[in-house]
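Open the model in your viewer and keep the selection tool at hand. This tour goes from stop to stop.

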Amino acid sequence: MRREMGLLLHYFPLVLLSLLVASALSLNEEAFVGVNIGTDVSDMPSPSKVVALLKAQQIRHVRLFDADQAMLLALANTGIRVTVSVPNDQLLGIGQSNSTAANWVSRNILTHFPATNITAIAIGSEVLTTLPNAAPVLVSAMRFIYSALVAANLDSKIKVSTPHSSSIVLDSFPPSQAFFNRSLDPVMVPLLKFLQSTGSYLMLNVYPYYDYMKSNGVIPLDYALFRPLPPNKEAVDANTLLHYTNVFDAVVDAAYFSMSYLNFTNIPIIVTESGWPSKGDSSEPDASLDNANTYNSNLIRHVLNNTGTPKHPGIAIRTYIYELYNEDLRPGSISEKNWGLFDSSGMPVYTMHLTGSGTVLANDTTNQTYCVAKENAEKKMVQAALDWACGPGKVDCTPLLQGNPCYEPNTVIAHASYAFDAYYRKMGMADGTCDFNGVATVSTTDPSNGSCIYPGSGGRNGTFTNNSSHAPSSDSTASGCHSQYSHDVRTFLSSLIVGLVLCSLHCSLLVT
């Protein structure tokens, strides 16, 4: 999104104030990952099937873009926490009439609560940026809906807020300089006062995909995808010296600093939308299955680990993934139709790798993720990484020997992919174990072919056994630097040279 430049803000809270703010933000907060449920689907499943999928995937928080009666009935007595929405096309009527708001609450909330566990009402969606003519009545609509909840004695159980596009934040990096678009102050100031007085939260839609796409190469893909970065590549806020390892945290903190600029320091943020498209047209090459998998898997881990942000470490960033289903009826580019985790039949679009992230989204079958060599990686670097995997990495590369199941195709990419996946599997698919100096990537596409079954496929034909007895020992491999397989003469020579260099480095380290 286009970021406008503005005046700099340098805000240094006192230590005591920081502690008080952290305490206020963390009060009664618990981390969760929910999903948005859009319905622009040509073969939309019935509400009962939607709820069955939510239960199967252990999804306990959902956001609806309306207050569909059938969906709310299906969610009754499930315990699933539900955020319902006032659609944008109903906003003007509700914002101009207290009685209209009361009727909406009576019809859509009181008839379902408490059987359906409604916990929040989202008033419109990105109103300030997509429906500016309704901006003058936005806060009135929020107040009228809240007043109806007060009358029903539900104001302490159901929060009222409105989702914002992150584009309302200007000059967003470094985050300490960020501020809300000043033309929005007549709405933002009373809106924030309302959130503060009612104990609600700022709803923010955070899309690192769009930030990355529109940065023209300024934002690295790894930074957008939560991939580990070396310390020298982390973004540092020069004003606060806070280190940012991903776009998501930077955007959230920019919103926190923007609120601070207007003297609101105790309003928590909930991310109502975030995700990554799994498919795009020719102008969107990074809308891919692997990138969507990587982003959403890393996002879920990041949220559920209670990592927080650099400004507010350890404070939960409750987040809803956009979205449950691919919406094939949505207008626009191909990517607009492909943000879903599942297709309309309930089959996962990709299988997320969520080891260590808890039980949410149980489509995690870690045997269906693979570590493979990047097709466009420099062959010499791939060869060096392959030598390391089969040497110091102690991967059993026997299947790659001539005459064995994985010798063909006899290319460095194919052989490296097998060895990388074996190492990745051996290390429990831990973060950072599928990198190999940047020449490897995690994929959800099974690279097995013919008789060569990759370790991630579960060793269906016995070609792989995750057994350390097959790994070369330091006694038998001259400190682990000896390769167990051969290619053609040119590949062998380059392998030998790289192997000797690696061996020299490795052995010198052992001596020291």
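A search of the whole structure finds 22 aromatic pairs (rings of Phe, Tyr and Trp, its six-membered ring, with centres within 6.5 Å; planes under 30 degrees apart are stacked, over 60 edge-to-face, the rest tilted). The model is predicted: local features need pLDDT of at least 70, side-chain atom pairs pLDDT 80 or more, while totals for chains, interfaces and linings use all residues. Numbering starts from 1 along each chain as its sequence is written, and side-chain values use heavy atoms, without hydrogens and water.

Select Phe 32 and Tyr 320. Their rings are edge-to-face, 5.4 Å centre to centre, with 75° between the planes. Phe 32 is in the loop between helix H1 and strand S1, and Tyr 320 is in strand S13, so the pair ties together parts 288 residues apart in sequence. Helices (H or I, at least four residues) and strands (E, at least two) are DSSP runs, numbered from the N terminus. Both Phe 32 and Tyr 320 are buried (under 20% relative accessible area; exposed is over 50%, partly exposed in between; 1.4 Å probe, protein chains only).

Next, Ser 258 in helix H11. Is Ser 258 buried or exposed? Ser 258 is buried, with a relative accessible area of 0%. Among the residues that Ser 258 touches are Val 169 and Phe 179 (contact: heavy atoms within 4.5 Å).

Stay with Phe 179. Arg 182 lies over its face, 4.5 Å from the ring centre (CZ of Arg or NZ of Lys within 6 Å of the centre and within 35 degrees of the ring normal). Finish at Phe 257: the charged end of Lys 311 sits over its ring, 4.2 Å from the centre.

Key: Lists of a residue's contacts leave out its neighbours within four places in sequence.
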